[in-house]
Amino acid sequence: MDREKELQKLGERIKELRKSKGMTQLDLAAAINQDYTSITRLEAGRTNPTYVTLLKIAEGLEVSVSDLLKIE
């Protein structure tokens with residue numbers, strides 16, 4: 001498994017869901033009590049989020065964790 005590629009896919013999925021909800025990166029950051037740069041790094045695939053962070057993101061985007069992880 002190519003870790004970097006998988007993190008990029010996750011970041012793209014987060015970005016896709018965020019945009020489908022009409023949210024900016026700042027909106028998502030505020031919804032999950034994170035800073036804007038954290039969202040930027042996540043969407044760029046430059047950070048490996050913890051399980052708790054994934055739970056927060058899913059909650060902020062109003063999706064399940066399994067929907068969040070539906071990566072092609």
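In what order do the elements of the chain run from the N terminus on? They run α-α-α-α-α, and the secondary structure comes to five helices and zero strands. Helices (H or I, at least four residues) and strands (E, at least two) are DSSP runs, numbered from the N terminus.

This is a predicted model, in which local features need pLDDT of at least 70 and side-chain atom pairs count only at pLDDT 80 or more, while totals for chains, interfaces and linings use all residues. Residues are numbered from 1 along each chain as its sequence is written, and side-chain values use heavy atoms, with hydrogens and water left out.

**The whole chain**

Begin with the entire chain selected. Its C-alpha atoms fill a box of roughly 30 × 25 × 20 Å along the principal axes. The radius of gyration is 11 Å, which agrees with the value near 11 Å for a compact globule of 72 residues; the radius is taken over C-alpha atoms, and the globule rule is 2.2 Å times the number of residues to the power 0.38.

Next, display the surface. The accessible surface comes to about 4700 Å², and 48% of it belongs to carbon and sulfur atoms. Accessible areas come from the Shrake-Rupley method with a 1.4 Å probe; for residues, only the protein chains shown count as cover. Of the 72 residues, 38% are buried, where buried means under 20% relative accessible area, exposed over 50%, and partly exposed in between (1.4 Å probe, protein chains only).

Contacts (heavy atoms within 4.5 Å) can be shown next. Among those between residues at least 6 apart in sequence, 60% join residues at least 24 apart.

**Charges**

The mean positions of the 12 positive and 12 negative charges are 2 Å apart.

Side chains of opposite charge can pair when their charged atoms come close. How many salt bridges does a search of the whole structure find? The search finds four, a salt bridge being a side-chain nitrogen of Lys or Arg within 4 Å of a carboxyl oxygen of Asp or Glu.

**Helix 1**

Select helix 1 (residues 3-20), where lysine 9 and glutamate 6 lie three residues apart, about one turn of the helix. Their side chains meet in a salt bridge (3.4 Å, N to O). Lysine 9 is partly exposed at 23% relative accessible area, and glutamate 6 is partly exposed at 30%.

Move along helix 1 to arginine 13 and glutamate 16, also three residues apart, about one turn of the helix. This pair forms a salt bridge at 2.6 Å, N to O. Is arginine 13 buried or exposed? Arginine 13 is buried, with a relative accessible area of 14%, whereas glutamate 16 is partly exposed at 47%.

**From helix 1 to helix 3**

Now select arginine 18 together with glutamate 43, whose side chains meet in a salt bridge (2.6 Å, N to O). The pair links distant parts of the chain, with glutamate 43 in helix 3 (residues 36-43) and arginine 18 in helix 1, 25 residues apart. Glutamate 43 counts as buried at 10% relative accessibility, and arginine 18 counts as buried at 6%.

**A final stop**

Select threonine 24, in the loop between helix 1 and helix 2 (25-31). Threonine 24 is partly exposed, at 40% relative accessibility.

Notes:
Lys, Arg positive; Asp, Glu negative; His and termini not counted. Charge placed at Lys NZ, Arg CZ, Asp CG, Glu CD.
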